[in-house]
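Me: I have a new protein model open and would like to learn how to read it. Can we go through it feature by feature?

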Amino acid sequence: MTRRHFVWLGLAIGLLAGCSEPPYRFPDRSATDVQAEEERLAALLPGVLLGGPGTCEVRLLGRDASTSFAWAHCEALGAGLVSGVSTPVRVDGDRVTQPGDGSEYSASVRRMFPERLAEAVLDDDGSLRP
């Protein structure tokens, strides 16, 4: 290879490396503040997502000021009937937003979450769930 080829190769590698972003960093679930927020959300979400009593497992996916982004897996028990929901949520204080169904899902996730987190949620292989 000539010197000119090495220069072009170096420029191409530098350009590609500069364009890629590191993967989204999720909160450390062993941190006490993360555990406390997951517990707060687990107590809040059954009434909102299930419309009544139940239990929720929550994985905090991120925070931004007073907003928490999480994945919730909730189950309601009653009279032999078990129902549930597993969904990403945005929680602003006590206000909970969940994505739309079907064709609305992707667009609503992009509205609910910061860009890089939205992409991680849309690319989820099940690893984001509690």
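The dialogue below moves from the overall layout to single residues.

Me: What kind of model is this, and how are residues numbered?
Reply: This is a predicted model, in which local features need pLDDT of at least 70, side-chain atom pairs count only at pLDDT 80 or more, and totals for chains, interfaces and linings use all residues. Residues are numbered from 1 along each chain as its sequence is written, and side-chain values use heavy atoms, with hydrogens and water left out.

Me: How many helices and strands are there in the protein?
Reply: Start with the rule. Helices (H or I, at least four residues) and strands (E, at least two) are DSSP runs, numbered from the N terminus. Here there are four helices and four strands. Along the sequence they follow the pattern α-α-β-β-β-β-α-α.

Me: What percentage of the residues count as buried?
Reply: Buried means under 20% relative accessible area, exposed means over 50%, and partly exposed lies in between (1.4 Å probe, protein chains only). Of the 130 residues of this protein, 29% count as buried.

Me: Which residues of helix α4 are buried?
Reply: Helix α4 covers residues 115–122, and L117, A118 and V121 are buried there. Now look down the axis of α4. The buried residues fall within an arc of 105°, so they line one face of the helix. That arc is taken from the directions from the helix axis to the C-beta atoms.

Me: Which residues touch the most other members of the largest nonpolar core?
Reply: A nonpolar core is a set of buried Ala, Val, Leu, Ile, Met, Phe, Trp, Tyr and Cys residues joined through side-chain atoms within 4.5 Å. The largest one has 14 residues, and L41, L45, L49, V58, V89, V91 and V96 touch the most other members. Two or more residues each come from α2, β1 (55–64), β2 (67–78) and β3 (81–92). Helix α2 gives the largest share, five residues. A second, separate core has 10 residues, including L61, V109, M112 and F113.

Me: What does L49 touch?
Reply: Contact means heavy atoms within 4.5 Å. Not counting residues up to four places away in sequence, L49 touches A72, C74, V85, T87, V89, V96 and Q98.

Me: Which residues does the disulfide join?
Reply: A disulfide is a covalent bond between the sulfur atoms of two cysteines. The cut-off is a pair of cysteine sulfur atoms within 2.5 Å. By this rule there is one disulfide. It joins C56 to C74, with S to S at 1.9 Å. The pair links distant parts of the chain: C56 is in strand β1 and C74 in strand β2, 18 residues apart. The link of C56 and C74 is right-handed, with 110° about the S-S bond. Both C56 and C74 are buried.

Me: Is E37 buried or exposed?
Reply: E37 is buried, with a relative accessible area of 11%. The residue is found in helix α2 (residues 32–50). Its side chain makes a polar contact with the side chain of S68 at 2.6 Å. A polar contact is a pair of N or O atoms within 3.5 Å; within protein, one must be able to donate a hydrogen and the other to accept it, and residues adjacent in sequence count only if both atoms are side-chain atoms. Leaving aside neighbours within four places in sequence, E37 is in contact with L60, R63 and S68.

Me: What is the phi of A65?
Reply: Most residues other than glycine have a negative phi. The phi of A65 is near 55°, a positive value in a residue other than glycine. A65 lies in the loop between β1 and β2. At 77% relative accessibility, A65 counts as exposed.
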